[in-house]
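Morning, everyone. I have one model to show. Please look at the sequence and the structure first.

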Amino acid sequence: MLELKPIINALLRSKVGAVLAILQLALTLAIVSNSLSIISERVSYLNKPTGYPEESIITFSVMSFDDKVDANQQLIVDERILKSIPGVIEAVGVSSVPLSGGGSNSGFSLTSEDDGKHTNSGHLYANEQVIRTLGVKLIEGRDFTSGDVLISSEYAKQPDVVIASKAFTDEIFGEGRGLGETIYYGGGPLKVVGIVERMTNAWPRFRNADRLIIFPMVNANGFQDFLVRTDPSLRGEVMKKIESVLLQENPNRVITNMKGLDEVKERYNSKDILMLRMLLVLITALVVVTALGIFGLTQFNISKRTKQIGTRRALGARKSAIVRYFVVENLIVCAIGLVLGTVATVFLGQKLMSLYSVPPLEVSYILITALGLIVLCIASVIFPAKKAANISPSIATRSV
Amino acid sequence: MLIMNNIGKVYQTDMVQTHALRDFNLQVNEGEFIAVTGPSGSGKTTFLNIAGMLEGYSSGQYMLDGIDVGKLNDNQRADLRNQKIGFIFQGFNLIPDLNLYENVEVPLRYRGIKAAERKRRIENCLEQVGLAGRAKHLPQQLSGGQQQRVAIARALAGEPRFLLADEPTGNLDSLMARQVMELLEQINRDGATIVMVTHDPELARRTPRNIQIVDGQVADFTLYQGKGAASQALKSQMGA
């Protein structure tokens, strides 16, 4: 015997507490399910492989203030010095550091004419040591040779070939195609001579993060980034030596930003991690407040209805009937809250999607959150309801 | 109908033991209408609570309609209360969020009676107390006398053999009290056994038998002449 009709009638006649609980549940569902969706999307991107052995790679910058030195020649010398440090596998000067949040991104097309159809991709300049230094897996074609590398300080010039990530070639040419094909950048042709399985550009957070094109070109300047790949167990040792060996060769410069590529990634992700933590704190607080709200509402209902409970017991209600009454009452409130909450959730999800490029909300997040809230509702009501069931029926004859 | 043998009830606190009832003996026969009187704190309400199985007792034996109440568990006591006893409270104890129909329906739902049968009984009982046209009203829309009549309808709906009334006219003015008392007398004439706790000696005098409780024991009883067949039977039983 669920007493649905009298419970609903009683709720309709005494709405305030129930309406507050319904609103609280609806808001909780909307906020928690959207937050869970965002958290899940962020966590999956944070755990997504970048293609690089980040724990083996060191990155640093060299700031030179010696105008007389040929920057391109100095870069070749520096690479040779770095490779001579024990534990170093390969070293290369790069125009920007992957995963760092700073780099170049341009549109590439299939024709030399600007027809407005571009495929965006991150790109960087480095010489033929770059693939080995990055430790990425070349799955098609060949690596750069020294003959491919263009050493020039003229920005207008560009090499004849490139190596691209598979995500880029799949996007512009179609799945599985691209090797030996030509793309155009600024009107000039670039032949794809190699395809890398996976390499992430400078902006891992964005949708096109796995599109990267490497130009075999050296165009060094007074502020040069380097990547050094080492034996992972010797990375710390190598890091300590880099500054001294480079300054020994040319003291008129400053070595800065020395860190592992894993640290670069972590710094880039720090805002996301902070956001995740804040969201987790927010939804935990919200869930606790909702649980306390339902618990408090039930406690209030019980203290308000002590005599009524005693009367019901006197009229023949078993203890289980009293527990069931409060559980059913809460489940009705919970169900209404969840129906309203689902509407609010979809609305909020669409707003977040249009305003902040958040991915579309999957139904599973609404279902999981709703299920969690139902469990929370039952858990919050059981204790006060059992307490209510223990109210003595003799209270019905007292003048309370 | 109701037999209490040497019932004792002790309320125990850390420091003090209070004997609310001691060696309490009473027999109530089928069809009787009894008024229980006594000064405040004498044990009237404790007697009523024990008689209605609203609370347990510390010693003795209580038989209700041949059933030893002391041997029942909580659920069995709840079911027996629901089936055999109708309660009328001083403060009416109607549920404010439920309309009159739903209030009268409460004990019937606990008994698991089907909706059509519930409807028949509720309408009959509301008719009997003169409130058939107000089934959709909420208790707070009625006068005190009307509320008590709804409470009587609720007590009658379960068709109990035994009505326990706790100061049923205590919160009513004299006119309404008289109407309620007349209703109870009619219900008694229709066959229900009624035990009524009251402070009002006038009201008590209208019932065939009075029990006075003092210090937790039956101190005295009075039989009034010519008040129903049951009292006559009792008089002859007691040699009066």
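Axes here are lines fitted to C-alpha atoms, for helices over the stretch in contact, and angles run from 0 to 180 degrees between N-to-C directions. Helices (H or I, at least four residues) and strands (E, at least two) are DSSP runs, numbered from the N terminus.

Ground rules. The model is predicted: local features need pLDDT of at least 70, side-chain atom pairs need pLDDT 80 or more, and totals for chains, interfaces and linings use all residues. Residues count from 1 along each chain as written, chains are lettered from A and ligands numbered from 1 in the order written, and side-chain values use heavy atoms without hydrogens or water.

Domains next, with bounds from an automatic or database assignment. In chain A, domain 1 is 4-47 + 269-397, and domain 2 is 66-251. Their centres, over C-alpha atoms, lie 53 Å apart.

Now a helix pair. At what angle do α2(A) and α10(A) pack? About 135°, with the axes 9 Å apart; α2 covers residues 16-46 of chain A and α10 residues 363-389. That makes α2(A) oblique to α10(A). Oblique is what remains after under 35 degrees (roughly parallel), over 145 (roughly antiparallel) and 65 to 115 (roughly perpendicular). Contact means heavy atoms within 4.5 Å. On the α2(A) side, the contact residues include L25(A), L29(A) and L36(A); those in α10(A) include Y365(A), I366(A) and L373(A).

Last, aromatics. Rings of Phe, Tyr and Trp (its six-membered ring) pair with centres within 6.5 Å; planes under 30 degrees apart are stacked, over 60 edge-to-face, the rest tilted. The count is 10 pairs over all chains. F108(A) and Y185(A) have ring centres 5.0 Å apart and planes at 25°, so they are stacked. F108(A) sits in strand β3 and Y185(A) in strand β8, 77 residues apart.
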